[in-house]
Amino acid sequence: MPDTPLFASTPTCGFEIIGRAECLRLLTVAEVGRVIYTENALPAAHPVTYTLAGEEVFFRTGSRTKAAAASKGAVFAFQVDDIDFDDQSGWSVLGVGHAYEVTDSDRLAALDRHVPRPWLPDHDEYTIGIVLSRLNGRRVRRGPDQD
């Protein structure tokens, strides 16, 4: 299903829909994002260090809950944003897709050079990938009439 904006971009109000290519580029400039998934039938969101490879996000975790959900192909979301409170501007990218635990030793070795270590010690037991089948973003800038 193609990513279809719900609202048209209107430069005069400072709101812009970001296309897929720009969303992917923005995912390469941040270092920390939020992984969102279902835990005990409730939404859960946790910050993770990550890398983007192609159109997949990869992160490490020590959480058996995340790994178990990923091994069942659960749908995860991944969000990254950059907000400038002083300038009242920023962007947000949200990806959604099926997650999986990376278990192939060759793939793990290749990813090892690129996926950053989690900030917490001993939280790198599992490597999780999310195939970004849906990806959209929004950018907000203060309009000229808001100064």
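This is a predicted model: local features need pLDDT of at least 70, side-chain atom pairs count only at pLDDT 80 or more; totals for chains, interfaces and linings use all residues.

Me: How many helices and strands in the protein chain?
Reply: Three helices and eight strands.

Me: And in what order do the elements run from the N terminus?
Reply: The order is β-α-β-β-β-α-β-β-α-β-β.

Me: What share of the contacts with a separation of 6 or more comes from residues 24 or more positions apart?
Reply: They account for 70% of those contacts in the protein chain.

Me: Switching to burial. What percentage of the residues count as buried?
Reply: 36% of the 147 residues in the protein chain.

Me: Now the rings. How many aromatic pairs in the whole structure?
Reply: Three. One of them is tyrosine 37 with phenylalanine 76. Their ring centres are 5.3 Å apart and the planes sit at 20 degrees, so this pair is stacked.

Me: Where are those two in the chain?
Reply: Tyrosine 37 is in strand 2, residues 32-39. Phenylalanine 76 is in strand 5, residues 75-84.

Me: Are tyrosine 37 and phenylalanine 76 buried or exposed?
Reply: Both are buried.

Me: What about tyrosine 50 and phenylalanine 78, why is that pair edge-to-face?
Reply: Because the planes are at 70 degrees, with the ring centres 4.8 Å apart. Tyrosine 50 lies in strand 3, residues 42-53, and phenylalanine 78 in strand 5, 28 residues apart. Tyrosine 50 and phenylalanine 78 are both buried.

Definitions and conventions: Residues are numbered from 1 along each chain as its sequence is written. Side-chain values use heavy atoms; hydrogens and water are left out. Helices (H or I, at least four residues) and strands (E, at least two) are DSSP runs, numbered from the N terminus. Buried means under 20% relative accessible area, exposed over 50%, partly exposed in between (1.4 Å probe, protein chains only). Contact means heavy atoms within 4.5 Å. Rings of Phe, Tyr and Trp (its six-membered ring) pair if their centres lie within 6.5 Å; planes under 30 degrees apart count as stacked, over 60 as edge-to-face and the rest as tilted.
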